[in-house]
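I opened this entry to record what I looked up in the model. The sequence and structure come first, and my notes follow.

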Amino acid sequence: MSRQVFLYDQPDRFVAGTVGLPGRRTFFLQAIAGSRVTSVVLEKTQVAALAERMEELLDEVVRRSGGSAPVPAVAPAEITDTAPLDTPIEEEFRVGTMALAWDGEEQRMIVEAQALVELDADTDEDLAEAEERLLQDEENGPPMLRVRLTGAQARAFAKRALDIVNAGRPPCPLCSLPLDPEGHVCPRQNGYRRGA
């Protein structure tokens, strides 16, 4: 079976979102074009890393172009998306690796999210070689979501993604670990349970 690639060139919508309560949320990337919807699952840390790296890459594009690239300094208010994920949410795959690039000719941010794949290898070198072969295999590689965004769309995505990551459980004022609704065993309080 050939590799499944979900391609969205300037989608109607590309957002990070969650399902569930803080502390038990499942994070998704969702791309939408017309009636076509693709949702993939990833970790909170992956969402944060993607958004932060996207912001850094956009800032670098602006810096290198001397401000002439079509990239706004902040997310434009008119394309801010605060709506929930489209339902029903059907998970295509769980994300393993992600990549970002800037296409200078087309002036587009390219986001790639590839499915998590488990590989068997005897050594770290064998594992690295197997990973590289798999990622380069355009015919039989893991499923992939590839999205091409304008600079404004990328800024809006990054802002929403960071807002969603930061909307989780508040941190403990003493140890900075997330507070659970059921209480929190704080290491700074010698294990005594603190109320939320």
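**Basis.** I worked from a predicted model, in which local features need pLDDT of at least 70, side-chain atom pairs count only at pLDDT 80 or more, and totals for chains, interfaces and linings use all residues. Residues are numbered from 1 along each chain as its sequence is written, and side-chain values use heavy atoms, with hydrogens and water left out.

**Sheet.** I took helices (H or I, at least four residues) and strands (E, at least two) as DSSP runs, numbered from the N terminus. I found an open sheet of seven strands in the order E1-E7-E6-E5-E4-E3-E2, with mixed pairing; two strands pair if DSSP finds at least two bridges between them. Strand E1 (5–9) and E2 are the edge strands, each pairing on one side only. On average, neighbouring strands are turned by 30° against each other, direction ignored. Axes here are lines fitted to C-alpha atoms, for helices over the stretch in contact, and angles run from 0 to 180 degrees between N-to-C directions.

I then checked E4 (residues 36–42) and E5 (residues 91–103), which run parallel and are joined by two bridges. Val41 stands opposite Arg94 in E5.

**Helices on the sheet.** I noted that H1 (residues 44–65) packs on the sheet and touches E2, E3, E4, E5 and E6, contact meaning heavy atoms within 4.5 Å. The direction of H1 makes about 15° with that of E5. H3 also packs on the sheet, touching E2, E3, E5, E6 and E7, and its direction makes about 5° with that of E2.

I recorded a volume of about 300 Å³ for the largest pocket. A pocket is an open set of points on a 1 Å grid over the protein atoms alone, where a 1.4 Å probe fits, with protein on both sides within 12 Å along at least five of seven lines; lining residues have an atom within 4 Å of a point. The volume is the space filled by probe spheres set on the points, which are joined across faces, edges and corners. Of the 19 lining residues, Phe14, Val15, Ile79, Asp81 and Ala156 are the closest to the centre. H3 gives the largest share of the lining, seven residues.

**Loop residues.** I located Pro76 in the loop between H1 and E5. Glu139 lies in the loop between H2 (124–136) and E7 (144–149), and is partly exposed at 48%.

Key: Buried < 20%, exposed > 50% of the residue type's maximum accessible area, 1.4 Å probe, protein only.
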